[in-house]
Structure formats: structure tokens, C-alpha cells
Amino acid sequence: MMILRSSAASPFGRKVRIAASVLGLADHITIVQADTGNPDDLLRKENPLGKLPVQVPENKMPLYDSRVILEYLDSVAGGGKLFPTDARRFEVLTLQALGDGILDASILRVYEVRMRAEEKREPSWVAYQADKVARALARLESQPPALTGGTPDAGRIALACALGYQDLRFEGKWRENHPKLVAWLDAFAKAVPAFEETRFRA
Ligand SMILES: N[C@@H](CCC(=O)N[C@@H](CS)C(=O)NCC(=O)O)C(=O)O
């Protein structure tokens with residue numbers, strides 16, 4: 001059994017759970033809730049950065065971050081599934097970077113509210129992060145990635161989790177002006193049941 005240290009609402013943890021499901025590895029993973037705010041949580045021992053998800057394969061060193069965990073799961077499943085080795089490889093890796101980047105900027109906005117008292121917040125910095133997300137979503141809306149069928153790759157999993165996080169934390173406002181991406185996410189959810197199965201419900 002491998003341990004996945006994560007939290008139910010984590011979009012990066014969701015990437016790992018979806019990846020494990022599409023690779024048929026979900027039954028080999030026990031999910032243990034981690035608390036990023038608790039200094040005594042094993043999380044900080046396993047990952048000095050104190051970020052989740054962390055995956056601990058049996059008798060092996062802890063693995064992070066989500067990209068590395070996806071690479072690991074892909075290799076356990078025989079390789080070349082989440083990360084194609086053919087000409088599509090760099091398109092997939094760049095889409096993964098874009099999806100993860102949307103998440104990083106979005107999470108910084110959430111943390112600005114969670115970690116800083118109201119009078120200490122910096123609207124121009126929040127707008128700077130929000131603009132990254134807006135530009136990324138505009139680019140994706142103009143060129144939504146093809147859904148290729150079969151096992152979804154790491155780029156498409158990252159994008160689905162990034163859009164799911166906009167629904168969770170930003171009231172799904174992106175849906176108003178990104179109709180192609182909405183259709184893309186609907187198609188992804190239909191093809192990948194683990195997407196709905198891993199949706200966070202408070
Ligand atoms: N690049 C990392 C990002 C992980 C991340 O930001 N996780 C958030 C929770 S969703 C976290 O642990 N935040 C706590 C912190 O930043 O200290 C990955 O891909 O796993």
C-alpha cells in the first residue's frame with residue numbers, strides 16, 4: 001500500500017487521485033488527511049516545504065510534488081500513459097505547467113485572504129495573480145486542447161483540476177465567458193468518472 005498525504009479540497013491532491021484512478025492504481029493507495037497548518041503533522045517531516053500532496057510508496061522515500069507523483073504512478077503503470085513519449089510529450093508537459101500555474105496563482109489569491117488580515121492585503125498583487133489566471137483561461141478558450149480518448153494525460157488532468165478549483169473557490173465565474181472550456185470540462189468529466197468522484201463537497 002502507498003500512502004497519499006493530502007486534503008480533501010486540494011486540487012493538487014485531486015490530480016494525483018484522478019491519475020491513480022485512470023491508471024487503475026487507486027486500490028493501492030491509502031489517503032491520509034494532512035494539515036498544512038499543523039507543525040507536528042508528518043507532512044513537514046516528509047516534505048520540508050510543508051506542501052501537499054506527498055506520496056509514500058511502501059518502504060521508499062516520500063515523493064513530491066504532484067508532478068513527480070504523477071511521473072511515479074505512470075512508471076508503476078508501465079510508463080507512457082500520463083506522459084506520452086511521442087511527439088505529444090512537450091505539448092502535454094506545457095499544458096501541465098499551464099494548469100499547475102493557474103492553480104499556483106489561484107491558491108495565492110486564496111491564501112491572501114486566509115493568511116493576511118484585511119488591512120494588510122494588497123489589491124494590486126491580488127490583481128497581478130488574477131491576471132495570470134485570466135490570460136491562461138483566455139488562451140485555453142481560444143485553443144482548447146483536444147480530448148484524445150483513452151487515458152487522459154497529465155496536462156489534461158492538470159487543466160481539469162485547475163478549472164474545478166475555479167468552481168470551488170471562485171464561484172465558477174469563469175464559466176460565464178469561456179463556453180468552449182466549459183464544454184471541454186463537461187467532456188472530460190464524462191470520459192473520466194474520477195473527476196466527479198474526487199469533487200470536494202464541504
Ligand atoms: N507544486 C506543488 C504545489 C502544491 C501546493 O501548493 N499544495 C497546497 C495545498 S493545495 C499546499 O500544500 N499549501 C500549503 C503551503 O503552501 O504551505 C504540487 O504540484 O504538488
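Select Asn59 to begin: you will find Asn59 in the loop between β3 and α3. This is a predicted model. Check the backbone angles here. Asn59 has a positive phi of about 55 degrees, although it is not a glycine. Most residues other than glycine have a negative phi, and most peptide bonds are trans.

**Next, select Tyr64 and Asp65.** Is the peptide bond between Tyr64 and Asp65 cis or trans? The bond is cis, with omega near 0 degrees. Asp65 sits in the loop between β3 and α3. Asp65 is also one of the residues around the ligand.

**Now select Leu52 and Pro53.** Another cis peptide bond joins Leu52 and Pro53, and omega is about 5 degrees. Pro53 belongs to the loop between α2 (42–46) and β3 (54–56). Leu52 and Pro53 are both among the residues around the ligand.

**Show the ligand.** Which residues are around the ligand? Select Ser10, Pro11, Phe12, Thr36, Lys51, Leu52, Pro53, Asp65, Ser66, Arg67, Ile107 and Tyr111. Colour this shell by class: six residues are nonpolar, three are polar and three are charged. Then colour by helix. α1, α3 and α4 each supply at least two residues of the shell.

Zoom in on three atom pairs:

- Leu52: a polar backbone atom is 2.8 Å from a nitrogen atom of the ligand.
- Ser66: a polar side-chain atom lies 2.6 Å from an oxygen atom of the ligand.
- Tyr111: a polar side-chain atom lies 2.8 Å from a nitrogen atom of the ligand.

How much of the ligand does the protein bury? Taken alone, the ligand exposes 510 Å², and the protein buries 84% of that.

**Hide the ligand and look at the space.** Rolling a probe the size of a water molecule over the atoms shows where empty space is left. The space taken by the ligand is the largest pocket. Its volume is about 710 Å³. In total, 27 residues line this pocket. Select Phe12, Lys51, Leu52, Ile107 and Tyr111, which lie nearest the centre of the largest pocket.

Which helix gives the largest share of the lining of the largest pocket? It is α4, with seven residues. Select the helices in turn: α1 (11–22), α3 (66–76), α4 (89–115) and α6 (154–169) each supply at least two residues of this lining. Colour the lining of the largest pocket by class, and you get 13 nonpolar, six polar and eight charged residues.

**Last stop: the second largest pocket.** This one has a volume of about 190 Å³. Select its lining: Arg109, Ala130, Val133, Ala134, Leu137, Gln166, Phe170, Lys173, Trp174, Asn177 and His178. Now show helix α5 (residues 123–142). This helix gives the largest share of the lining of the second largest pocket, four residues. By class, the lining of the second largest pocket has six nonpolar, three polar and two charged residues.

To finish, bring the ligand back and return to Leu52. Leu52 lies among the residues nearest the centre of the largest pocket. A polar backbone atom of Leu52 is 2.8 Å from a ligand nitrogen. The peptide bond joining Leu52 to Pro53 is cis.

Note on methods
Residues numbered from 1 in each chain as written. Predicted model: local features only at pLDDT ≥ 70, side-chain atom pairs only at ≥ 80, totals over all residues. Heavy atoms only, no water. 1 Å grid on protein atoms, 1.4 Å probe; cavity = no way out; pocket = protein on both sides within 12 Å on 5 of 7 lines; lining within 4 Å. Points joined across faces, edges and corners; volume = space filled by probe spheres on them. Nonpolar A, V, L, I, M, F, W, Y, C, P; charged D, E, K, R; others polar. Near = heavy atom within 4 Å. Polar contact = N/O pair within 3.5 Å; in protein donor to acceptor, adjacent residues only side chain to side chain. Areas by Shrake-Rupley, 256 points an atom, 1.4 Å probe, with all protein chains shown as cover. Sits in = over half its atoms within 2 Å of the grid points.
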